[in-house]
Amino acid sequence: MHKFFIRSLASTLAFVFAFASSFAQSGNEWQRKVSPSLLEQTRDGQSTSFIIVLTEQADVSDAKHIRTKEAKGEFVFQTLRQTAQQSQKSVLTYLESQQVSYRKLYIINAIRAEGSMDLIHALAIRHDVGKIVDEPLVGFTKPVETGVRETDTRSAIEWGIDMINANDVWDLGYTGQDVVVGGEDTGYEWHHPALKLKYRGYDQLTDTVDHNYNWHDAIHVPDTHHVDTVNPCGYDSKEPCDDRGHGTHTMGTMIGSEGENQIGVAPDAQWCACRNMERGY
């Protein structure tokens, strides 16, 4: 009986030790869901912004069986939005209970929030949260001085067009006709002479403009990398506006033309756009 008790006690202790070890390992399992940079940023109690990516992601594979572009787009849009609306409810309820501000995202089923390590931990241990990633800072590449000076002579076709032989493609009859180019940058000066006639929201016959479904401003607050909060375009602008000039330049490279001066690669394309950089960030 004594030997049996010893063996039973040893087995029990071994089980408890194994269970405790397993529990300790699973206790840190949540960190695998979190970007290492987030763990570092919040290690000493600081708060930062992050993206909560939900476990459930929309399945839009059936779109390949839909014939028309309009119907395909409608199916994808509705599927993405419905998946986000249904699967985010529980997480949103929790964020609201903790008085955490958030922004719902649906193209990737995710939520933007801001908080400390405690909040990140509480979210990461949830089964409906797939991962929590850092909100990246992306700045556009600034021009580099090459030492080559521009001359005052200008030709009808810009040097960049000639360098990539885009004009040879034009000669084959492809100038961007029936194509809509989407831009995302610091915004756009839609009434710029090289862009205005190509803006999808502008009707040249009636000289009227409609920005609905042709423009979206994704800048709602100033970026924290700026020392001031004054943006020349403001926030949530209802019409295209460029707060840094970079977007207008890039759209010109894509579709621009002004009189005989051929600037853009696809001069007969139309454009629509969004602003997703706040003065370069």
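Student: Which residues do ring pairs link into a cluster here?
Tutor: Keep in mind that this is a predicted model. In it, ring pairs join Tyr188, Trp190, Tyr199, Tyr202 and Trp271 into a cluster.

Student: How many aromatic pairs does the structure hold?
Tutor: It holds 5 aromatic pairs. One of them is Tyr188 with Trp271, a tilted pair with 5.6 Å from centre to centre and 45° between the planes.

Student: Where do Tyr188 and Trp271 lie?
Tutor: Tyr188 is in the loop between strand S5 (180–185) and strand S6 (202–203), while Trp271 is in strand S11 (residues 270–275). The two parts are 83 residues apart in sequence, so this pair ties them together.

Student: Buried or exposed, that Tyr188?
Tutor: Buried, because its relative accessible area is 0%, and the cut-off for buried is under 20%. Trp271 counts as buried too, at 0% relative accessibility.

Student: What about Tyr199 and Trp271, how is that pair arranged?
Tutor: Tyr199 and Trp271 form a tilted pair as well, 4.7 Å centre to centre with 40° between the planes. Tyr199 sits in the loop between S5 and S6 and Trp271 in strand S11, so here the pair ties together parts 72 residues apart in sequence. Tyr199 also counts as buried, with 0% relative accessibility.

Student: Okay, S11 keeps coming up. In what order do the strands of its sheet run?
Tutor: The order is S5-S11-S8, an open sheet of 3 strands with parallel pairing. S5 and strand S8 (215–217) are the edge strands, each pairing on one side only. On average, neighbouring strands in this sheet are turned by 15° against each other, ignoring direction.

Student: What do strands pair through, anyway?
Tutor: Strands of a sheet pair through backbone hydrogen bonds, in either a parallel or an antiparallel way.

Student: And over how many bridges do S8 and S11 pair?
Tutor: Over 3 bridges, in the parallel sense. As for individual residues, Trp215 has Ala273 in S11 as its bridge partner.

Student: Which helix lies across S5 and S11?
Tutor: That's helix H8 (residues 246–255), and it runs at about 155° to S5.

Student: New topic: where does Phe75 lie?
Tutor: Phe75 lies in helix H3 (residues 69–87). At 25% relative accessibility, Phe75 counts as partly exposed.

Student: What is Phe75 in contact with, leaving aside neighbours within four places in sequence?
Tutor: With that exclusion, Phe75 is in contact with Val60, Asp62, Ala63 and Ile66. Val60 is 15 residues from Phe75 in sequence, and their C-alpha atoms are 7.9 Å apart in space.

Student: Now Asn167. Which helix is that one in?
Tutor: Asn167 belongs to helix H7 (residues 166–171). With a relative accessible area of 15%, Asn167 is buried.

Student: And what does Asn167 touch, not counting residues up to four places away in sequence?
Tutor: Asn167 touches Ile157, Ile161 and Asp162.

Student: Let's zoom out. How many helices and strands are there in the protein chain?
Tutor: There are 8 helices and 11 strands.

Student: What share of the residues count as buried?
Tutor: In the protein chain, 33% of the 281 residues count as buried. The chain exposes about 18800 Å², with carbon and sulfur atoms supplying 55% of that.

Student: And among contacts between residues at least 6 apart in sequence, what share join residues at least 24 apart?
Tutor: For the protein chain that share is 71%.

Key
Residues numbered from 1 in each chain as written. Predicted model: local features only at pLDDT ≥ 70, side-chain atom pairs only at ≥ 80, totals over all residues. Heavy atoms only, no water. Phe/Tyr/Trp six-rings, centres within 6.5 Å; stacked < 30°, edge-to-face > 60°. Helix = DSSP H or I, 4+ residues; strand = E, 2+ residues; numbered from the N terminus. Buried < 20%, exposed > 50% of the residue type's maximum accessible area, 1.4 Å probe, protein only. Contact = heavy atoms within 4.5 Å. Pairing = 2+ DSSP bridges. Axes fitted to C-alpha atoms, helices over the stretch in contact; angles between N-to-C directions. Areas by Shrake-Rupley, 256 points an atom, 1.4 Å probe, with all protein chains shown as cover.
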